[in-house]
Amino acid sequence: MADTQAPGRLGLDFSVEAAARYAAPIGLGVVFLIFFIATPDFLTTSNISDLLVSASILLVLAMGQQLVVTVAGIDLSVGSNLPWSAAVLGYAYTSGWGLTVSVGLALLAGLAVGVVNGLLVARLNMTDFIVTLGSLSVVSGLTLLLTSGNTVPVNSDFLRALAINGIGPVRWFWVLAFVVAVLVGFLLYRTRTGTYLLSTGGNIEAARGVGIHVNRIRLIAYASSGLACGVAAVLFVARTGGADPSLQTDLLLSSIAAVVLGGSSLFGGKASVFGTVTGALLLQSLINGFTLLGISQYYQPIAVGTVVLGAAFISRFQK
């Protein structure tokens with residue numbers, strides 16, 4: 001006799017899976033409601049504008065992380081790749097190489113780390129966790145050597161305008177983050193490469209069996225994540241006015257949490273660009289709300305870490 005499932009249990013499974021799928025939008029709505037009640041400053045035009053600017057940097061990083069997670073990988077090196085790319089930008093700019101060259105070198109620096117990670121994971125078949133954890137440490141050391149452990153000031157009128165100005169009420173940071181998200185969405189859902197990324201993450205052996213060059217696809221994913229770090233570094237320098245060599249572990253954790261909260265599976269083969277955008281907004285809203293309420297910054301990593309654990313738990317119910 002064929003196995004059957006009780007209607008009650010079927011409904012429960014569906015409800016849990018639906019909750020997991022829409023965790024980020026639901027969570028964002030709850031967070032907005034709580035902070036709206038807690039402080040009148042949260043839903044003001046100026047605060048929402050600043051929130052979206054801050055979320056733009058995380059969103060760009062999360063888009064790169066999205067591609068890596070899609071192929072069932074993880075990129076821990078983003079925590080040091082961002083300050084590394086920023087340091088390269090700062091070093092080149094203060095050396096008189098001009099802003100265009102400096103930004104180009106920052107993008108190449110981030111891309112290079114991603115390519116090395118991809119080669120080690122795809123070509124040498126090394127574990128992604130170990131490879132990117134090692135890169136996190138190595139690249140952090142290189143950053144400290146390049147900057148002597150000091151923040152490198154970047155006094156650029158163009159970068160300052162990039163962080164402050166926009167088209168009417170729409171800030172340039174939002175535009176750039178939106179463009180990155182659209183490009184990643186187009187890559188995943190409208191190109192053959194995107195189909196290969198999803199197939200490789202879903203079942204790498206089956207993908208290999210139908211002729212997909214899975215090593216090349218995994219390399220593309222890690223290289224894209226590295227390039228996203230370079231883009232995020234430019235935004236980071238524009239916003240802060242300098243290249244801080246410190247590890248960005250908060251952004252690392254948040255980039256992973258945003259992807260999983262958005263409905264992507266840590267086991268690969270499933271991606272949601274809209275969900276990742278919502279997840280990034282949720283995490284940044286938490287930090288923004290804490291700041292407005294005067295809650296100590298030491299509680300912020302606790303909150304983000306809790307969300308990461310919650311995201312990992314939620315991913316168990318995704319199909």
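**View 1. Helices H4 and H11 cross in a right-handed sense.** A crossing counts as right-handed if the near helix is turned clockwise from the far one by less than a right angle, and as left-handed if anticlockwise. This is a predicted model, in which local features need pLDDT of at least 70, side-chain atom pairs count only at pLDDT 80 or more, and totals for chains, interfaces and linings use all residues. Residues are numbered from 1 along each chain as its sequence is written, and side-chain values use heavy atoms, with hydrogens and water left out. Helices (H or I, at least four residues) and strands (E, at least two) are DSSP runs, numbered from the N terminus. H4 covers residues 78–94 and H11 residues 214–240; their axes come within 8 Å and cross at roughly 55 degrees. That makes H4 oblique to H11. Angles under 35 degrees count as roughly parallel, over 145 as roughly antiparallel, 65 to 115 as roughly perpendicular and the rest as oblique. Axes are lines fitted to C-alpha atoms, for helices over the stretch in contact, and angles run from 0 to 180 degrees between N-to-C directions. From H4, Val78, Asn81, Leu82, Ser85, Ala86 and Leu89 meet Ser225, Gly226, Cys229, Gly230, Ala232, Ala233, Val234, Phe236 and Val237 of H11. This contact of H4 with H11 has ten nonpolar, five polar and no charged residues. Contact means heavy atoms within 4.5 Å; Ala, Val, Leu, Ile, Met, Phe, Trp, Tyr, Cys and Pro count as nonpolar, Asp, Glu, Lys and Arg as charged, and the others, Gly among them, as polar.

**View 2. Helix H4 meets helix H5 (residues 99–123).** The axes of H4 and H5 come within 8 Å, with a crossing angle of roughly 150 degrees. H4 is therefore roughly antiparallel to H5. The crossing of H4 and H5 is right-handed. On the H4 side the contact involves Asn81, Trp84, Ser85, Val88, Leu89, Ala92 and Tyr93, and on the H5 side Leu99, Ser102, Val103, Leu105, Ala106, Ala109, Gly110, Val113 and Gly114. By class, the contact of H4 with H5 has eleven nonpolar, five polar and no charged residues.

**View 3. Helix H3 (residues 45–70) has a left-handed crossing with H11.** The axes of H3 and H11 come within 6 Å and cross at roughly 165 degrees. That makes H3 roughly antiparallel to H11. H3 contributes residues including Asp50, Val53, Ile57, Leu61 and Leu67, while those of H11 include Ala221, Tyr222, Ser224, Phe236 and Arg239. The residues of the contact of H3 with H11 divide into 14 nonpolar, six polar and two charged.

**View 4. Leu67 and Thr70 lie in H3.** Leu67 is buried, with a relative accessible area of 4%, and Thr70 is buried at 0%. Buried means under 20% relative accessible area, exposed over 50%, and partly exposed in between (1.4 Å probe, protein chains only). Not counting residues up to four places away in sequence, Leu67 touches Val184, Leu187, Leu188, Leu197, Ala221 and Ser224. With neighbours within four places in sequence left aside, Thr70 is in contact with Leu188, Leu197, Leu198, Gly201, Gly268, Gly269, Lys270 and Ala271.

**View 5. Helix H7 (residues 157–164) has buried residues and, on the other side, exposed residues.** Leu159, Leu162 and Ala163 of H7 are buried. Seen down the axis of H7, the buried residues fall within an arc of 95 degrees, so they line one face of the helix. The arc is that of the directions from the helix axis to the C-beta atoms. These buried residues of H7 pack against H5, strand E3 (170–171), helix H8 (172–190) and H11. Asp157, Phe158 and Ile164 are exposed on the other side of H7.

**View 6. Ala72 and Asn125 have positive phi although neither is a glycine.** Ala72, with phi of about 65 degrees, is found in the loop between H3 and H4. Its relative accessible area of 34% makes Ala72 partly exposed. Asn125, with phi of about 55 degrees, is found in the loop between H5 and helix H6 (128–147). At 61% relative accessibility, Asn125 counts as exposed.

**View 7. Phe290 is found in helix H13 (residues 273–292).** Phe290 is buried, with a relative accessible area of 15%. The C-alpha atoms of Phe290 and Phe35 are separated by 8.7 Å, and the two residues are 255 residues apart along the chain. Leaving aside neighbours within four places in sequence, Phe290 is in contact with Phe35, Ile295, Tyr299, Gln300 and Ala303.
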